[in-house]
Amino acid sequence: IDTEDLLAVDRASNFYLGATDLDVLRNVGAINNSGIELSITSTNINTSGFTWTSNVNFSRNRNEVVELSSGTELIGSGAPGYFSGATTYILREGEPLGQFWGLDYQGVYQGGAIPAGTALAGSSFDGDGNPIPGEPLFAEVADEEGLFDGVINDNDRQIIGDPNPDFAFGLTNTFSYKSFDLNIFFQGAVGGDIYNLTAIQLYNGDSNALTDILNSWTPQNTDTDIPRAAIRGRERSSRFVEDGSYIRLKNLALGYSLPNRILDRAGIGSARLTLSAQNILTLTSYSGLDPEVSYFGSGGESSGESNVIQGHDYGNYPNLSSLTFGINLQF
């Protein structure tokens with residue numbers, strides 16, 4: 001299904017509007033969505049006094065930007081404002097919506113000859129023009145003639161991740177035995193990258209850092225993927241793009257309905273006790289606080305960019321874990 005008149009911020013504004021960088025909210029193109037949703041419910045056991053039912057749901061969606069009215073790609077930022085206008089996502093015809101944009105990290109420069117197809121940023125050279133060991137290496141992007149310029153700059157930025165998950169799923173199991181019932185709900189997603197902007201800030205070199213910084217490159221510690229400790233700006237690269245797959249025990253609820261023989265004596269029609277817990281356990285390889293990110297960055301809902309900024313994580317609060325006890329009485 002094609003959805004036309006995609007609403008987004010267009011920063012390629014014309015000079016006659018009075019400013020060269022004026023953000024304009026307008027209809028920029030069309031996207032195509034195709035997918036499948038399945039839900040299966042089964043009764044696994046149904047015997048005297050005990051039942052067990054299950055529900056499994058599965059969803060898979062694929063989207064593609066099929067048309068941009070300007071005919072050219074749109075590059076925007078999902079980073080906070082003080083990232084100095086850092087670009088983090090791109091809309092490009094033929095690609096999924098909201099792909100991550102940045103440099104392709106290739107590890108730490110160990111000294112000697114720079115590996116073919118890679119280069120260092122301009123700040124990675126000393127005063128004599130020599131490359132500094134321990135600096136980050138990035139892949140170069142060839143120009144129209146297939147040539148490299150030997151220096152990393154904005155022309156070397158490329159698609160480095162996809163926030164769209166391969167599929168999402170949920171599993172609910174409900175057990176009941178006499179007056180007791182138990183509900184267990186798992187949810188999860190497979191695939192879908194996360195742009196860890198929080199890690200970018202903490203590796204910036206001018207603020208508090210993650211403990212991983214203790215494993216930074218030094219002449220005595222070369223077997224590491226973390227560049228030498230230095231202030232070099234907020235690096236938007238694939239080093240900070242992580243797999244967002246997860247499975248979470250979302251809800252666990254236990255209930256007990258008091259027998260009628262007890263309630264009749266107290267003049268109560270029905271009474272039910274419940275104990276429920278939310279967000280109990282999460283299994284994921286993501287290094288941030290929570291793989292279910294929803295940060296809209298400098299754009300946000302007010303600017304209309306929330307429909308294209310996906311998978312950005314910056315200072316997100318994790319989902320709240322809670323324990324709730326309840327009593328339901330009817331007279």
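1. Start with R248, which is buried at 3% relative accessibility (buried is under 20% relative accessible area, exposed over 50%, partly exposed in between; 1.4 Å probe, protein chains only). This is a predicted model, with residues numbered from 1 along each chain as its sequence is written. Local features need pLDDT of at least 70 and side-chain atom pairs pLDDT 80 or more, totals for chains, interfaces and linings use all residues, and side-chain values use heavy atoms, without hydrogens or water.

2. R248 has a charged partner: it forms a salt bridge with E292, with 2.3 Å between the closest N and O atoms (a Lys or Arg side-chain nitrogen within 4 Å of an Asp or Glu carboxyl oxygen). The two sit 44 residues apart, R248 in strand β16 (residues 246-257) and E292 in the loop between β17 and α3 (300-303) (strands, E, at least two residues, and helices, H or I, at least four, are DSSP runs numbered from the N terminus). E292 itself is partly exposed, at 28% relative accessibility.

3. E292 also pairs with K250, in a salt bridge of 3.8 Å from N to O. K250 is in strand β16 and E292 in the β17-α3 loop, so this pair ties together parts 42 residues apart in sequence.

4. How many salt bridges does a search of the whole structure find? The count is nine. One of them joins the side chains of D181 and R272 at 2.7 Å, N to O. Here, too, distant parts of the chain are linked: D181 is in strand β13 (residues 180-191) and R272 in strand β17, 91 residues apart. R272 is partly exposed, at 30% relative accessibility.

5. Further along, S276 is in strand β17 too, which runs over residues 270-284. Is S276 buried or exposed? At 16% relative accessibility, S276 counts as buried. Its side chain makes a polar contact of 3.3 Å with that of Q278 (N or O atoms within 3.5 Å, one able to donate a hydrogen and the other to accept it; sequence neighbours count only through side-chain atoms on both sides). Beyond four places in sequence, S276 touches L252, A253, S322, L323 and T324 (heavy atoms within 4.5 Å).

6. Now Q99, placed in strand β6 (residues 99-102). Q99 is buried, at 5% relative accessible area, and its side chain has a 3.2 Å polar contact with that of E95. Although G161 is 62 residues away along the chain, the C-alpha atoms of Q99 and G161 are 5.9 Å apart. Other contacts of Q99 outside its four-place neighbourhood include T88, Y89, I90, I159, D162 and P163.

7. On to the inside. The largest nonpolar core has 14 residues, and F83, Y195, L197 and I200 touch the most other members (buried Ala, Val, Leu, Ile, Met, Phe, Trp, Tyr and Cys joined through side-chain atoms within 4.5 Å). Helix α1 (residues 197-202) gives the largest share of this core, three residues. Apart from it lies a core of ten residues, among them I31, Y89, L97 and V308.

8. What about F83? Leaving out neighbours within four places in sequence, F83 is in contact with L197, I200, Q201, R234 and Y314.
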